[in-house]
Amino acid sequence: MSGPGDYSTSYVNRAREFALRAHGNQQYGNQPYSVHLDAVAEILEPFGLLAQVVGYLHDVVEDTSVRIDDIRADFDDLVARCVLLVTDSAGTDRPERKLATNAKLAKVDGDERVALIVKAADRLANLRTSALGANDSKLDMYRAEHPAFRTAAYRAGLCDDLWNTMGLILAQR
């Protein structure tokens, strides 16, 4: 295990391998899950290696049997805290989960702000996939969620290009 702040391309590769093992045969639409994870990591390249590590791990706690303690043990506490922040909160349905997750994101500050960048990159990757696949129902869902998501997760100057691109995709019909 590397120590906090000791992020390298090998650490990013280890996170990718960990996530791919955890997701196993899961699909992202009709593609292997790796397509989504790689898309998120590519968006995160300008934001550094820590962002890419969290980007690869962003869905493992939510969508697999991996626990946050597994992330903490295999990576570090900051990575685990950020993964926990981007993991949807529990709830009976999507609106309830998103409400709780947005409340959690609204409180993020300090080193954990990287989680906000990852959450924005994940949403941007989802929007791009939905737009390219002409999945209007998904786009409508994201469009309806966007104001509350932006209020919770946007911080001026943190990743404005990602937010601007999201806005452009959501403005299209």
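**Entry 1: Arg67 and Asp70.** I looked up the side chains of Arg67 and Asp70 and found that they meet in a salt bridge at 3.5 Å, N to O, the term standing for a side-chain nitrogen of Lys or Arg within 4 Å of a carboxyl oxygen of Asp or Glu. Asp70 is partly exposed at 26% relative accessibility, on a scale where buried means under 20% relative accessible area, exposed over 50%, and partly exposed in between (1.4 Å probe, protein chains only). I note that this is a predicted model, in which local features need pLDDT of at least 70 and side-chain atom pairs count only at pLDDT 80 or more, while totals for chains, interfaces and linings use all residues. Residues are numbered from 1 along each chain as its sequence is written, and side-chain values use heavy atoms, with hydrogens and water left out.

Entry 2: Within it, Arg81 pairs with Glu112, their closest N and O atoms being 2.5 Å apart. Arg81 lies in helix 6 (residues 77–86) and Glu112 in the loop between helix 7 (94–105) and helix 8 (114–132), so the pair ties together parts that are 31 residues apart in sequence; helices here are DSSP runs (H or I, at least four residues), numbered from the N terminus. Arg81 itself is partly exposed, at 29% relative accessibility.

**Entry 3: Arg94 and Glu145.** I then turned to Arg94 and Glu145, whose side chains form a salt bridge at 2.5 Å, N to O. This pair links distant parts of the chain, with Arg94 in helix 7 and Glu145 in helix 9 (residues 136–153), 51 residues apart. Arg94 is partly exposed, with a relative accessible area of 26%, whereas Glu145 is buried at 16%.

**Entry 4: Lys98.** Lys98 is also in helix 7 and counts as buried at 14% relative accessibility. Leaving aside residues up to four places away in sequence, I find that Lys98 touches Asp88, Arg123 and Glu145, contact meaning heavy atoms within 4.5 Å.

**Entry 5: helix 9.** Helix 9 has 18 residues and reaches 24 Å from its first C-alpha to its last, close to the expected 26 Å, which is 1.5 Å times one less than its number of residues. A kink of about 50° lies at His146, shortly before Pro147, the bend being the angle between axes fitted to the seven residues ending there and the seven starting there. The buried residues of helix 9, among them Glu145 and His146, pack against helix 7, helix 8 and helix 10 (160–171).

Notes: Helix = DSSP H or I, 4+ residues; strand = E, 2+ residues; numbered from the N terminus.
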